[in-house]
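Here's a quick tour of one protein chain, written for someone just getting started. Have a look at the structure first, then work through the points below.

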Amino acid sequence: MTSRGPYRRHSTPFKLQLCQDIRSGIIGRRDAQRSHSISANLIQLWLTQFDRGELTGEEAEASVIADYETRIAALERKVGQLTMELDLAKKNPRMPTANASETSFVISGPAPAPSGGGAKP
């Protein structure tokens, strides 16, 4: 049986950076194994923890907060856009149609052709 040597401890920022680099495609798993002399199982463990959010640290929290802030800003823009569209729809009622029984839409295309299943002999 071969000797493993001393156990190494890796800092949380190192793990986070490595996982982010792997997930973003900057470095592959095999390249990370070779360059840092880390086993594939250990890298997989870190990636699983990273995906679950179990690797904690200020960098991880800062990136998560930044992602949330970006998403919140996008959602606020969407809410504003939809509010403006709703206000516009309320101010401009639908135009009357030639046939009073026909419904009208703001965006419409040609009337659908009657479906007869094709030409019959």
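Before we get to the parts, a word on naming: helices here are DSSP runs of H or I with at least four residues, and they are numbered from the N terminus. Keep in mind that what you're looking at is a predicted model. The protein chain has 4 helices and 0 strands, so following the sequence gives you the pattern α-α-α-α. Out of its 121 residues, 13% count as buried.

**Salt bridges**

- How many salt bridges are there? The count comes to 2.
- As background, side chains of opposite charge can pair when their charged atoms come close.
- One of the pairs is D51 with R23, where the closest N and O atoms sit 2.6 Å apart.
- D51 belongs to helix α3 (residues 40-52) and R23 to helix α1 (residues 12-24), so this pair ties together parts that are 28 residues apart in sequence.
- R23 has 41% relative accessibility, so it counts as partly exposed.
- R34 also forms a salt bridge, with D31 as its partner, and here the closest N and O atoms are 3.4 Å apart.
- Is R34 buried or exposed? R34 counts as exposed, because its relative accessibility is 59% and the cut-off for exposed is over 50%.
- D31, with a relative accessible area of 41%, is partly exposed.

**The largest pocket**

- How much space lies in the largest pocket? The answer is about 320 Å³.
- The largest pocket is lined by 12 residues, and those closest to its centre are Y7, R8, R9, H10 and L42.
- Sorted by type, the lining splits into 5 nonpolar, 3 polar and 4 charged residues.
- R8, one of those residues closest to the centre, is found in the segment before α1.
- R8 is partly exposed, at 49% relative accessibility.

**A nonpolar patch on the surface**

- Which residues form the nonpolar patch on the surface? They're V64, Y68 and I72, and together they have about 290 Å² of accessible area.
- I72 lies in helix α4, which covers residues 58-91.
- With a relative accessible area of 45%, I72 is partly exposed.

- Most residues other than glycine have a negative phi.
- S37 is a residue other than glycine, yet its phi is positive, near 55°.
- S37 counts as exposed, with 53% relative accessibility.

Note on methods. Residues numbered from 1 in each chain as written. Predicted model: local features only at pLDDT ≥ 70, side-chain atom pairs only at ≥ 80, totals over all residues. Heavy atoms only, no water. Salt bridge = Lys/Arg side-chain N within 4 Å of Asp/Glu carboxyl O. Helix = DSSP H or I, 4+ residues; strand = E, 2+ residues; numbered from the N terminus. Buried < 20%, exposed > 50% of the residue type's maximum accessible area, 1.4 Å probe, protein only. 1 Å grid on protein atoms, 1.4 Å probe; cavity = no way out; pocket = protein on both sides within 12 Å on 5 of 7 lines; lining within 4 Å. Points joined across faces, edges and corners; volume = space filled by probe spheres on them. Nonpolar A, V, L, I, M, F, W, Y, C, P; charged D, E, K, R; others polar. Patch = residues over 30% accessible without salt bridge, like charges linked within 9 Å, V, L, I, M, F, W, Y side chains within 5 Å. Areas by Shrake-Rupley, 256 points an atom, 1.4 Å probe, with all protein chains shown as cover.
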